[in-house]
Amino acid sequence: MSTATATSSADASQRRSADLEAAIGADPGAFRILTGDRPTGPLHIGHYFGTLANRVRLQEAGVELMVLIPDYQALTDRTATPALPENVFGLVADYLATGIDPARATIFAHSQVEALNQLMLPFLSLVSVAEIGRNPTVKDEIAATGSAVMSGLMFAYPVHQAADILSCRANLVPVGKDQLPHLELSRVIARRFNERYSPGAPFFAEPDALLSAAPLLLGLDGRKMGKSLGNSVPLRASADETARLVGKATTDSQRVITYEPDRRPEVSNLVLIAALCRDQDPAELAAEIGDGGAVALKAAVTEALNDRFADVRTRRADLAANPGYLRDVLAEGNERARAIAGDTLDEVRRLMHMTY
Ligand code: TRP
């Protein structure tokens with residue numbers, strides 16, 4: 001895809017997202033969201049402001065929320081599987097601590113929902129190898145590792161994601177721009193399945209991307225914030241750890257603090273973190289700190305984070321102390337997801353004349 005095409009389709013998705021927000025407001029019950037996070041480490045403040053807070057908002061608005069922990073995708077990330085249980089239950093604790101309500105939402109894991117994974121087989125038959133190879137995420141991975149080393153599962157990962165979404169019959173997927181090509185492939189697969197096996201009465205709805213308005217946070221070192229890069233503040237970090245992490249953050253040599261993301265990305269990012277925590281305008285917050293310099297800025301960021309996340313952290317510690325409860329929540333979510341994906345697969349097999 002050319003840059004111009006990518007930009008215009010992102011613009012179109014942005015406009016579509018505004019329409020979708022209006023439709024959600026009018027009839028939240030018409031939407032089922034699927035979202036998820038790879039179990040590769042604890043969630044951090046970037047996840048919170050980028051997506052978790054938005055999920056909770058949509059849940060509170062009355063949309064049905066399904067949260068997938070794609071543990072098979074962790075294989076594509078080459079995460080060693082012995083770390084999976086800790087990472088998976090860590091995510092469940094992060095979700096519940098930030099307000100995802102297990103009575104309304106369904107939290108489940110890839111590996112526990114057989115029908116979801118089986119749906120990948122007919123879906124693989126609906127796309128060509130060349131088409132998958134054009135997916136930007138897959139292309140990047142081929143460029144990084146070389147196709148000779150890339151696993152078949154990694155190559156097929158966008159198709160797996162289509163199975164995630166369509167097995168749940170989700171019609172809304174909150175994403176960042178980087179995930180738009182995956183959504184597009186899910187739509188193509190839904191369309192082709194309908195054309196081939198259910199002409200006249202479309203079986204799968206084409207899922208929509210819901211782009212969030214959230215600003216992208218950088219890591220504390222000014223690079224992309226990443227779970228495993230040591231440049232984020234995990235939600236579960238203590239007040240002292242937070243102070244230590246923020247203390248190490250990169251700033252610049254200009255004393256007066258301003259909010260100028262293009263010219264001063266690292267300082268502006270710190271200002272933005274504090275502003276998001278305090279629900280304040282970043283330029284106003286920067287002006288308050290003024291010539292207090294980096295020391296005052298870091299103190300303000302630390303305090304803002306510790307205030308904002310105090311309750312989340314207390315809840316998370318309580319949850320972590322109760323592994324039996326986390327296990328029950330996931331088991332119930334898996335059960336619900338199995339019922340939904342199982343029904344989908346039954347229908348798919350019926351439409352494909354595979355009932356004997
Ligand atoms: N691919 C997503 C990521 O890398 C995680 C994911 C897997 C996902 N399946 C999904 C997200 C289905 C939304 C819907 O973060």
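**Arg316 and its surroundings**

Modeller: Setting aside residues up to four places away in sequence, Arg316 touches Gly90, Ala93, Asp94, Ala97 and Arg236. The model is a predicted one, and every value below is computed from it. Arg316 belongs to helix H14, which spans residues 293–320. Arg316 has a relative accessible area of 8%, and because the limit for a buried residue is under 20%, Arg316 counts as buried.

Domain 1 is made up of two segments, 3–214 and 322–351, while domain 2 covers 239–320. Between the centres of domain 1 and domain 2, taken over C-alpha atoms, the separation is 32 Å. To the contact between them, domain 1 gives 13 residues and domain 2 gives 12 residues.

Asn194 is located in helix H10, residues 180–197. Its relative accessible area is 9%, which is under 20%, and Asn194 is therefore classed as buried. Apart from neighbours within four places in sequence, Asn194 is in contact with Pro199, Pro202, Phe203 and Phe204.

The backbone also calls for comment at two loop positions. Arg169 is not a glycine, yet it has a positive phi of about 55 degrees. This residue sits in the loop that joins H9 to strand S4 (172–175). With a relative accessibility of 33%, Arg169 is partly exposed. Asp279, likewise not a glycine, has a positive phi of about 50 degrees. Its place is the loop between helix H12 (265–278) and helix H13 (282–289). Asp279 has a relative accessible area of 68%, and because this is over 50%, the residue counts as exposed.

There remains the ligand site. The shell around the ligand consists of Leu34, Thr35, Gly36, Arg38, Leu68, Pro70, Gln73, Tyr157, Gln161, Asp164, Val173 and Gln179. By residue class, this shell comprises five nonpolar, five polar and two charged residues. An N or O atom in the side chain of Arg38 is 3.0 Å from an oxygen atom of the ligand. For Gln161, a polar side-chain atom lies 2.9 Å from a ligand nitrogen atom. In the case of Gln179, an N or O atom of the side chain is 3.4 Å from a nitrogen atom of the ligand. The ligand taken alone exposes 360 Å², of which the protein buries 90%. Strand S1 (32–36) and helix H9 (157–167) are the elements that give two or more residues to this shell.

How values were computed: Residues numbered from 1 in each chain as written. Predicted model: local features only at pLDDT ≥ 70, side-chain atom pairs only at ≥ 80, totals over all residues. Heavy atoms only, no water. Near = heavy atom within 4 Å. Polar contact = N/O pair within 3.5 Å; in protein donor to acceptor, adjacent residues only side chain to side chain. Areas by Shrake-Rupley, 256 points an atom, 1.4 Å probe, with all protein chains shown as cover. Helix = DSSP H or I, 4+ residues; strand = E, 2+ residues; numbered from the N terminus. Nonpolar A, V, L, I, M, F, W, Y, C, P; charged D, E, K, R; others polar. Buried < 20%, exposed > 50% of the residue type's maximum accessible area, 1.4 Å probe, protein only. Contact = heavy atoms within 4.5 Å. Domains from an automatic or database assignment.
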